[in-house]
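The sequence and the model are shown first, and the description follows.

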Amino acid sequence: MATNSAGACLFALKPAPAGASPYHTGVNHNEKTSLALAIAAGTLSLSPLAQAEFIKDSKASLEARNFYFNRDFRQDSRPTPSQAKQEEWAQGFILRAESGYTEGTVGFGLDAIGMLGFKLDSGDGTAGSGLLVPDRSGGSQDYSSDLAVAAKVKASKSTLRAGSMQFKNMAIASSDSRLTPQVFKGVTWSPRKSTA
């Protein structure tokens with residue numbers, strides 16, 4: 001647990017599976033499908049008034065990234081480096097969506113980050129830069145996707161969020177230096193600031 005001036009944060013981080021990209025969240029497709037169905041069922045069961053605020057205060061943005069990565073090892077001090085260079089080129093899309101909160105004393109909402117990456121160029125032994133998700137042959141996958149979903153609850157001016165999300169605070173920060181951002185699974189709590 002880490003605390004800063006903006007609030008308190010609780011983390012329950014899940015490591016990536018062996019051989020996966022360091023930006024992989026570890027969510028499999030069955031978990032994504034079950035979660036999506038639960039979210040859809042929960043949204044449909046809200047009253048029309050609650051749905052109005054939930055949808056009215058929602059916002060979304062789409063970001064496109066074109067990323068080229070080159071690392072040259074030919075001047076390495078070792079007599080025969082195992083790889084002369086790492087060179088990959090990819091196109092990525094990031095959809096960020098934040099819902100509003102349902103009306104009432106306690107409001108509920110959802111945040112999601114959808115990530116999609118396409119390989120444009122990587123081959124002839126140049127893979128392995130970390131830009132793309134590796135495949136079993138030592139190369140890179142043609143495309144990859146991931147979905148990070150977090151539920152949020154707001155009471156008064158305090159907010160509790162749980163699920164997969166990006167963190168940017170004094171205790172931990174998600175890396176955003178590759179094709180898609182790094183996400184963590186965890187829980188955050190932002191308490192109401194005192195007015196004293």
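Two strands are taken to pair if DSSP finds at least two bridges between them. By this criterion S6 and S7 pair, in the antiparallel sense, over six bridges. The model under discussion is a predicted one.

## Overall architecture

The protein chain contains two helices and eight strands. Along the sequence these elements follow the order β-β-α-α-β-β-β-β-β-β. Of the 196 residues in the protein chain, 31% are buried. When contacts between residues at least 6 apart in sequence are considered, 66% join residues at least 24 apart.

## Pairing of strands S3, S4 and S5

Strand S3 spans residues 59-72 and strand S4 spans residues 85-98; the two are antiparallel and share 14 bridges. Within S4, Trp89 stands opposite Tyr68. Strand S4 is also joined to strand S5, residues 106-121, by 10 bridges, again in the antiparallel sense. Here Phe93 has Leu116 in S5 as its bridge partner.

Glu87 has its place in strand S4. Is Glu87 buried or exposed? Its relative accessibility is 19%, and therefore Glu87 counts as buried, since the limit for that class is under 20%. The side chain of Glu87 makes a polar contact of 2.4 Å with that of Tyr68, and another polar contact, of 3.2 Å, links the side chains of Glu87 and Asn70. Leaving aside residues up to four places away in sequence, Glu87 touches Tyr68, Phe69, Asn70, Asp121, Ser122 and Thr126.

Leu95 is likewise found in strand S4. With a relative accessibility of 42%, Leu95 counts as partly exposed. Leu95 belongs to a nonpolar patch on the surface, formed together with Leu62, Phe93, Phe118 and Tyr143. The accessible area of these residues together is about 510 Å².

## Salt bridges

Side chains of opposite charge can pair when their charged atoms come close. The count of salt bridges in the model comes to seven.

| Residue pair | N to O distance |
|---|---|
| Arg65 and Glu63 | 2.8 Å |
| Asp111 and Lys152 | 2.8 Å |
| Arg161 and Asp111 | 3.1 Å |

Asp111 takes part in a salt bridge with Lys152, whose closest N and O atoms are 2.8 Å apart. This pair links distant parts of the chain, with Asp111 in strand S5 and Lys152 in strand S6 (residues 143-155), 41 residues apart. Asp111 and Lys152 are both buried. Asp111 also meets the side chain of Arg161 in a salt bridge, at 3.1 Å from N to O. That pair too connects distant parts of the chain: Arg161 lies in strand S7 (residues 158-165) and Asp111 in strand S5, 50 residues apart. Asp111 has a relative accessible area of 10% and is therefore buried, whereas Arg161, at 23%, is partly exposed.

Terms used. Residues numbered from 1 in each chain as written. Predicted model: local features only at pLDDT ≥ 70, side-chain atom pairs only at ≥ 80, totals over all residues. Heavy atoms only, no water. Helix = DSSP H or I, 4+ residues; strand = E, 2+ residues; numbered from the N terminus. Patch = residues over 30% accessible without salt bridge, like charges linked within 9 Å, V, L, I, M, F, W, Y side chains within 5 Å. Areas by Shrake-Rupley, 256 points an atom, 1.4 Å probe, with all protein chains shown as cover. Salt bridge = Lys/Arg side-chain N within 4 Å of Asp/Glu carboxyl O. Buried < 20%, exposed > 50% of the residue type's maximum accessible area, 1.4 Å probe, protein only. Polar contact = N/O pair within 3.5 Å; in protein donor to acceptor, adjacent residues only side chain to side chain. Contact = heavy atoms within 4.5 Å.
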